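Subject: Structure handover

Hi,

Here is the structure for you to look over. My notes on it follow below.

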Amino acid sequence: MKIKVDFDLCESNALCEAMAPEVFELDDDDFLQMHTEQTTDENIANVRRAVAACPRAAISLVEE
Ligand code: SF4
């Protein structure tokens with residue numbers, strides 16, 4: 001699946017980074033960067049936690 005972030009909704013509170021630091025990271029300007037947009041067997045559990053943790057519902061998983 002693809003990991004999509006609606007950057008218009010994102011408020012840069014880093015909750016997704018706390019759940020899945022291998023995928024999400026706030027840069028020095030507090031802008032959310034993604035290390036990958038692809039789910040893997042290794043990151044999917046953490047990505048789902050990030051989706052659930054985002055208070056803005058800014059992260060979604062899209063079937064390819
Ligand atoms: S948890 Fe949601 S609002 Fe917070 S930084 Fe991540 S995508 Fe943005």
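First, a definition: a nonpolar core is a set of buried Ala, Val, Leu, Ile, Met, Phe, Trp, Tyr and Cys residues joined through C-beta atoms within 7 Å. Buried means that 20 or more other C-beta atoms lie within 10 Å of a residue's own; exposed means 12 or fewer, and partly exposed is in between, with C-beta atoms placed from the backbone.

Two points on the source. This is a predicted model, where local features need pLDDT of at least 70, side-chain atom pairs count only at pLDDT 80 or more, and totals for chains, interfaces and linings use all residues. Residues are numbered from 1 along each chain as its sequence is written.

The core. The largest nonpolar core has 11 residues: Ile3, Val5, Cys16, Met19, Ala20, Val23, Phe24, Val47, Ala50, Cys54 and Ile59. Helices (H or I, at least four residues) and strands (E, at least two) are DSSP runs, numbered from the N terminus. In soluble globular proteins, nonpolar side chains tend to be buried together.

Strand 1. Its covered face holds Ile3 and Val5; Lys2 and Lys4 are on the uncovered one. In a regular strand the side chains alternate between the two faces of the sheet. Strand 1 runs antiparallel to strand 4 (residues 59-62), joined by four bridges. Strands pair if DSSP finds at least two bridges between them. Lys4 has Ser60 of strand 4 as its bridge partner. Ile3 contacts Val23, Met34, Glu37, Thr39, Val47, Ile59 and Leu61, leaving out residues up to four places away in sequence. Contact means C-beta atoms, placed from the backbone, within 7 Å.

Phi is near 55 degrees for Ser12, a positive value in a residue other than glycine. For Ala14, also not glycine, phi is positive, near 70 degrees. Most residues other than glycine have a negative phi. Ser12 is partly exposed because 15 other C-beta atoms lie within 10 Å. Ala14 is partly exposed too, with 14 such neighbours inside 10 Å.

The ligand. Of the 15 residues around the ligand, Cys10, Leu15, Cys16, Cys54 and Ala58 come nearest. Near means a C-beta atom, placed from the backbone, within 6 Å. The shell divides into 11 nonpolar, two polar and two charged residues. Here Ala, Val, Leu, Ile, Met, Phe, Trp, Tyr, Cys and Pro count as nonpolar, Asp, Glu, Lys and Arg as charged, and the others, Gly among them, as polar.

Best wishes

Notes
Two residues are in contact if their C-beta atoms, placed from the backbone, lie within 7 Å.
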